[in-house]
Amino acid sequence: MSSSPDSPPATPREAEVPVQAGLRPDSAITAPRVFWPAAAIISVFVVLAVALPERLGDTLTTLNDTVIGDLGWFYVLLVSAFIAFSLWVAYSPLGRVVLGKDDEEPEFGLKSWFAMLFAAGMGIGLVFWGVAEPLNHFASPPPGTADGEAAAARAAMDSTFLHWGLHAWGIYVVVGLSIAYAVHRKGRPVSIRWALEPIFGDRVKGTLGDVIDVIAIVGTLFGVATSLGFGVSQVGAGLAYLGVVDESSTTLKVLLIVGISAIAIVSVATGVDKGIKWLSNINMGMAAALLVVVAILGPTVFILGDFVQQIGSYLRNFFELSFRTMSFQGEEGRSWLSGWTTFYWGWWMSWAPFVGVFIARISRGRTVREFVTGVLLVPTLVTFLWFSVLGGSAIYREMFGEGGLIGEDGAVSTDAALFQFLGGLPASGLLSVVAMILVIVFFVTSSDSGSFVVDMLASGGDPEPPVWSRIFWAVMEGVVAATLLIAGAVTGGDGLSALQTMAILLALPFSLVMIGMMVATGKALLHENWLMERAERRLLAAEVAGEVARVNGSTPGPIRDDRPRSRPETKV
């Protein structure tokens, strides 16, 4: 790893630098000023949730109705700014900077890199919302949608593509690029604080850096817990749909969290190269198989045609969707925005440290241009295909088939929507079992990989944190998900609203950190580009002087090429 010529990496204090594997006791915590405050904050929350579930539930309801309803414009503007920033750094001269040494080749080939980006784009949320979100938007179109089924269907797919497309991955680009630059270019540990070093300097080594990492850890843990809540709700609904249980109760969901978290603990304890890698390969294969089978058994020609048309609709309406705040739709618009778009932007931000660390880890040696282009386009296209196959097929059944996915009251059973949809296909029982196994495996993968990343952040960037602390964070994720489900149920809700509210609220402080990361990365890349341009001007002047000297018959001195070199880019 190398740094720019004018700024050699400073040596962080011993407390913030991970101890090399084999040189520290297995039980040691290498960043106690981060680990213990984050653990204390989450533990206090759990204790309050257990002791005062009704008070917590009432508080979350109040926050959802007041604070979150007023955050929509901020999140909409900020996420659009992330997209603009990503395109600027990629397609300006800044895009030639290498995330590593100037002459370093990519650590992974394009095929492997794309496959891992695809893996990052797949998650338990896609399985949960693949059918449910388009159906919900079709049954209850966004306020302001024109009348008619065709308009409702197009608005449903546009909104779904908005929530899962370039904007979501623009959030991940900001965090992933900042971490990749700090780790691969500057040689820093894998920790959020070092991404802000260009603007805060040595202050990131002290209390300010500790606060930044604690915010990232707490926000990430609640984001993962939200996904786990969705997962157990879908598994419970699937068990009820298949007749295994009478109903998907809160008690059943908590028991599912306990059981599946136990599997995740075993996986995370074995490390990345064994449990996590093995489970990731399984869920990727199962997800691809399910997608292909549904595409073949469903309205194949319609799916392909709608996929092409929907991409055009998304691009045509991109700017209108990006800045949609529904100001003239009154309370109805405010409620829709907070329940969907604001929730998604908050959810993605809470997941950003987790996904950002992953995509930064696999992108060493890529140029900034390659990084941004690949991260924005590859997962987005895969996600669009997923929703076109599952969500598009579900809407097709409602419009042109036997229907049955939307109740007589116009409501969609969000938890059971996937299983209801699969129930209308051949071999529905087998497909439902496969879908349930897929949800469980995604659940385990999200928990173990999420807890591993959280533990790295809590251990000062240690790539091999102690086994006991990995287990600790896996347990905490399950406990937080369970307590929030219980608190939501106590107040008469389904528990998922409580998880959604916490994800949005905890994303707010991290959104400020992300603004700092965007400014810091822009500043660092501008400095890198200035160094390159200055060296190029010097080289050009030396070459001109040498040519003049040759023409005049004198012998020039050696030409010194001190440019920071950027290797030719690999086309994405």
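Q: Which residues is Gly450 in contact with, leaving aside its neighbours within four places in sequence?
A: In this predicted model, Gly450 is in contact with Val224, Phe354, Thr445 and Glu477. Contact here means heavy atoms within 4.5 Å.

Q: What makes Gly450 count as buried?
A: The cut-off for buried is under 20% relative accessible area. Gly450 has a value of 0%, so it's buried.

Q: Where does Gly450 lie, and how far is it from Pro353 in space?
A: You'll find Gly450 in helix H18, which covers residues 428–458. Gly450 and Pro353 are 97 residues apart in sequence, and their C-alpha atoms are 9.6 Å apart.

Q: Why are H18 and H19 called oblique to each other?
A: Their axes are 8 Å apart and the packing angle is about 120 degrees. Roughly perpendicular stops at 115 and roughly antiparallel starts over 145, so H18 and H19 are oblique. As for handedness, H18 passes H19 in a right-handed crossing.

Q: Which residues make the contact of H18 with H19?
A: From H18 come Ser447, Gly450, Ser451, Phe452, Val454, Asp455 and Ala458. H19 brings Ser469, Arg470, Trp473, Ala474 and Glu477. Sorted by class, that's five nonpolar, four polar and three charged residues.

Q: Which residues does H10 bring to its contact with H18, and which come from H18?
A: H10 supplies Ile257, Ile260, Ile263, Ala264, Ser267 and Val268. On the H18 side are Ile440, Phe443, Val444, Ser447, Asp448, Ser451 and Phe452. The tally by class is nine nonpolar, three polar and one charged.

Q: How do you know that H1 is roughly parallel to H19?
A: Look at the angle: the axes of H1 (residues 32–51) and H19 (residues 467–490) cross at roughly 30 degrees and come within 10 Å. Angles under 35 degrees count as roughly parallel, so H1 gets that label. The crossing of H1 and H19 is left-handed.

Q: Which residues of H1 and H19 make their contact?
A: On H1, they include Phe35, Trp36, Ile42 and Phe45. H19 contributes Phe472, Trp473 and Met476, among others. By class, this contact has 16 nonpolar, three polar and no charged residues.

Q: How many residues are in the largest nonpolar core, and which have the most contacts inside it?
A: There are 174 residues in that core, and Trp129, Trp473 and Met517 have the most contacts inside it. Helix H20 (residues 496–551) gives the largest share, with 16 residues.

Q: Which residues does Trp129 touch, not counting those up to four places away in sequence?
A: Trp129 touches Pro134, Trp164, Phe230, Trp340, Tyr344, Trp347, Phe387, Thr414 and Gln500.

Q: How many helices and strands does the chain have, and what share of its residues count as buried?
A: The chain has 20 helices and zero strands. Of its 572 residues, 57% count as buried.

Q: What share of the contacts with a separation of 6 or more comes from residues 24 or more positions apart?
A: Residues 24 or more positions apart account for 83% of those contacts.

Definitions and conventions
Residues are numbered from 1 along each chain as its sequence is written. This is a predicted model: local features need pLDDT of at least 70, side-chain atom pairs count only at pLDDT 80 or more; totals for chains, interfaces and linings use all residues. Side-chain values use heavy atoms; hydrogens and water are left out. A nonpolar core is a set of buried Ala, Val, Leu, Ile, Met, Phe, Trp, Tyr and Cys residues joined through side-chain atoms within 4.5 Å. Buried means under 20% relative accessible area, exposed over 50%, partly exposed in between (1.4 Å probe, protein chains only). Helices (H or I, at least four residues) and strands (E, at least two) are DSSP runs, numbered from the N terminus. Axes are lines fitted to C-alpha atoms, for helices over the stretch in contact, and angles run from 0 to 180 degrees between N-to-C directions. Angles under 35 degrees count as roughly parallel, over 145 as roughly antiparallel, 65 to 115 as roughly perpendicular and the rest as oblique. A crossing is left-handed if the near helix is turned anticlockwise from the far one by less than a right angle, and right-handed if clockwise. Ala, Val, Leu, Ile, Met, Phe, Trp, Tyr, Cys and Pro count as nonpolar, Asp, Glu, Lys and Arg as charged, and the others, Gly among them, as polar.
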